[in-house]
Amino acid sequence: MAEKQARVFLWCIPRSVSTAFEICMGKLDDVQVINEPYVAALLVGPDFQQDLSDDLREMRESMNKIASVVEVNCDNPWKSDDLTLQFVKDRLEDEYPSKRVIFVKDMASTITADTLHMLPKGYKHAFLIRSPEKVFPSQKKLFNKFTTDEVMLKVGKHEVVPEHYAFGETLHVYEHLTKTGIEPKPFIMDADDLLENPESILRQFCAFAGIEYTDKLLSWDGGHDVTMDWKMSKEMLQWNRVGNFHKHAFESKSFGTSTPAPSRSELSKDVIHCIDASLPYYNKLYKLRAKIK
């Protein structure tokens, strides 16, 4: 390739408009999109199946009963039995010589102190965050679609909410990247800023990642065919088709607008606990975010 290949890893908070951002990045020319490889390794790969909580195991079994026969819009998706952490690292470090941009989206909450050594080499690192007041109500609503009983937002290792509420794990990855010099100054964006002024945030993100900005990133065609050339887990793509995890993102044609957080009086105690416990982590990251210009 005549020009240097840009490689960027976007670490996200759940329910943070990250799939819409991923679809947006798919509008770039000669781009390889890689979707949530570490999430896939954690939920469906062979390394962690014995560690899943009862709630997560029930959700997986419930989804697979109806999703296993669903056709997916993806050429050569990854099989669950292959999705070890080493497989993920190897695929992320593959050369992809025909591509000018490699864009990876994943959840920082999947990375622990024991797995930091499995981060891929050669990437710029960015973060997409969102207010806990919006994240956890959305997360609870999503989880309740897949079980017979109400899902409480249990917190802990291998539970539906990680030990440090996803925000603490995200801050830990950020601090690891800065302290080791892997990424001295990661790019952080907040979902509400992105929705308010996508052009401003996208221009800054592209400059950070070494990607040429184009107005094509501001709109796209809706539909599931966008995943055809993505690299991702077949099982998780089947889950999405059945459960509509990202229905709004796949039906969207632009970033849309921000919506207000629900009032505390509308929220259950488990959601309020997660919000309050995660706000200190979020606030630290929020202060470091790129601002609208």
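## Rings, strands and lone cysteines

Let's start with a charge on a ring: Arg 91 lies over the face of Phe 87, at 4.9 Å from the ring centre. To count as sitting over a ring, NZ of Lys or CZ of Arg has to be within 6 Å of the ring centre and within 35 degrees of the ring normal. Lys 124 does this too, with Phe 208 as its ring.

| Charged residue | Ring | Distance to ring centre |
|---|---|---|
| Arg 91 | Phe 87 | 4.9 Å |
| Lys 124 | Phe 208 | 4.4 Å |

A quick word on what you're looking at: this is a predicted model, where local features need pLDDT of at least 70 and side-chain atom pairs count only at pLDDT 80 or more, while totals for chains, interfaces and linings use all residues. Residues are numbered from 1 along each chain as its sequence is written, and side-chain values use heavy atoms, with hydrogens and water left out.

Back to the rings. Phe 208 also belongs to a cluster linked by ring pairs, together with Phe 21, Phe 103, Phe 187, Phe 205, Trp 220 and Phe 255. Rings of Phe, Tyr and Trp (its six-membered ring) pair if their centres lie within 6.5 Å; planes under 30 degrees apart are called stacked, over 60 edge-to-face, and the rest tilted. The whole structure holds 15 aromatic pairs. One of them is Phe 9 with Trp 11, a stacked pair with 4.0 Å from centre to centre and 10 degrees between the planes. Both of these residues are buried, meaning under 20% relative accessible area with a 1.4 Å probe, protein chains only.

Now the sheet. Strands of a sheet pair through backbone hydrogen bonds, either parallel or antiparallel. Here, 5 strands make an open sheet in the order 2-3-1-4-5, with parallel pairing. Strands are DSSP runs of E, at least two residues, numbered from the N terminus, and two of them pair if DSSP finds at least two bridges between them. Strand 2 (31–35) and strand 5 (187–190) are the edges, each pairing on one side only. Strand 1 (residues 6–12) and strand 3 (residues 101–107) run parallel over 7 bridges; in strand 3, Val 101 is the bridge partner of Ala 6.

How many disulfides are there? The count is 0, where a disulfide needs two cysteine sulfur atoms within 2.5 Å. Cys 206 is in no disulfide either, with the sulfur of Cys 24 nearest at 7.3 Å. Cys 12 is buried at 1% relative accessibility, and Cys 206 is buried with a relative accessible area of 1%.

Technical notes
Helices (H or I, at least four residues) and strands (E, at least two) are DSSP runs, numbered from the N terminus. Buried means under 20% relative accessible area, exposed over 50%, partly exposed in between (1.4 Å probe, protein chains only).
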